[in-house]
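Some questions and answers follow about how terms are applied to a structure. Each answer sets a value against a definition.

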Amino acid sequence: MKIPANDPSLRSWVPVQEGSDFPIQNLPFGVFRTAANPEPRVATAIGDQVVDLAVLHDLAYFDGLDLPKGIFRQRWLNPFMALGREKGRAVRNRLSELLREDNEDVRHHAAHFLIPMDRAELLLPVNVGDYTDFYSSLEHATNVGTMFRGKDNALMPNWKWLPVGYHGRASSIVVSGTPVRRPCGQYLPQGEEKPAFGPSRLLDFELEMAFVLCRENPLGQPVSVHEAEDYIFGLVLFNDWSARDIQKWEYVPLGPFLGKSFASTISPWVVTLDALEPFRVPGPKQDPEPLPYLRCEGAHNFDIHLTVDIQPEGADATTVCRSNFRYLYWSMCQQLAHHTVNGCNMRVGDMCASGTISGPTPDAYGSMLELTWRGTRPLKLADGSERKFLLDGDTVIMRGWCQHENGVRIGFGDAAGKVLPARE
Ligand code: MN
């Protein structure tokens, strides 16, 4: 399928700095408001500008696309996403035409719909009904398994047969920039038999990405692995903040609970699957061959560079992890097929996170747990300080981008959050 908006040679009349996450080839979707106009509206991003789609709609620039009235004057992307991937593609292709360098007419009206991004408040873009977290990185599962059960029992017997996951908490998903308070909870101090209660001492991040659903399947009707991509609108960066001490004490036998549900941070722009199309790559070879309902030929992974920075209070940031979405063993298609194979119905706005995305080398590990190997190998930061886990005042910044050969980069914007001291 040819998507005109993806042509890497396109240029916009909006200035786009080299290395920007938001060239004309990206055109992600988000929701924003400004101090001058507090009504939330749907937007796209280009360069360092926000484009107000509600105004473009009013000015008749979407004529012929048969969009419902008021579709962009919304608090959430959900109603727009529910129109389906094809409608999303039509809007993105139209935006590409409107913002192209030769489009003088639109440029003359720019003052009506172009807003500097630093004057816009980017809101949580999706009303997330349900959130599921997978565990789909072979390297991450192997690292964590090795730490807790030893090398020989690192992977559970089910791991290579199904994309392991659990139901997470949607209500505590927050947009980039929202501070995250260190949680309090129960944990078992080393060598003790009774738990203690207090602020988590082992606060961690998990580098993940999440896909957003734009289509429902009726209860009882699975989504096949071959149709799965029709249900996926796009992706965001996802920090699955984790309190390792709380998690370790509580997780048997039903899995993660309060060690996870205190916060998850996402990036403010949903980058469409369409924009990622040129960066499609095959996933790792799967051995054993999955059961038929999970079998899927072709390239269903994406080459998305990922980094994590830690920025201590008042100091420079240090990049502590460089990974890539393509390392994931189980693809999004397989995750969705597995999620629905029992007839579970997905809804528009549901979010499925990948699980921590670790790569093969120690600098590609996607959590402090792995980077410091359970705190035994502290990280050195640029300001000279060391970290076993996160300290109060640390800001964790996740970034992700795909890169064309000509340098054009399809980025996600930051997923950042600062750790606040526990409330005691
Ligand atoms: Mn996770």
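**Helices, metal site and cores**

The buried residues of helix H6 pack against helix H10 (368-371). The model is a predicted one.

Q: Which residues of H6 are buried?
A: They are His 140, Ala 141, Asn 143, Val 144, Gly 145 and Met 147. Buried means under 20% relative accessible area.

Q: How do you know that the reach of H6 is close to the expected one?
A: H6 (residues 138-149) has 12 residues. The expected span is 1.5 Å times one less than the number of residues.

Q: What makes Asp 133, Glu 206, Glu 208 and Asp 240 donor residues of the manganese ion?
A: A donor is an N, O or S atom within 2.8 Å of the metal. The OD atoms of Asp 133 and Asp 240 and the OE atoms of Glu 206 and Glu 208 coordinate the ion at 2.1 to 2.2 Å, so they qualify.

Q: Why does the pair Asp 133 and Glu 206 tie together parts that are apart in sequence?
A: Asp 133 lies in strand E6 (residues 131-134), and Glu 206 in the loop between strands E12 (203-204) and E13 (207-213), so the parts tied together are 73 residues apart in sequence. Both residues are buried.

Q: Why is helix H9 (residues 332-340) called mostly covered?
A: Because 9 of its 9 residues are buried, that is, under 20% relative accessible area.

Q: Which residues have the most contacts inside the largest nonpolar core?
A: Phe 205, Leu 235, Leu 276, Ile 304 and Phe 325 do, in a core of 55 residues.

Notes: Residues are numbered from 1 along each chain as its sequence is written. This is a predicted model: local features need pLDDT of at least 70, side-chain atom pairs count only at pLDDT 80 or more; totals for chains, interfaces and linings use all residues. Side-chain values use heavy atoms; hydrogens and water are left out. Donors are N, O and S atoms within 2.8 Å of the metal (3.2 Å for Na, K and Ca); water is not among the atoms, so sites may look incomplete. Helices (H or I, at least four residues) and strands (E, at least two) are DSSP runs, numbered from the N terminus. Buried means under 20% relative accessible area, exposed over 50%, partly exposed in between (1.4 Å probe, protein chains only). A nonpolar core is a set of buried Ala, Val, Leu, Ile, Met, Phe, Trp, Tyr and Cys residues joined through side-chain atoms within 4.5 Å. Contact means heavy atoms within 4.5 Å.
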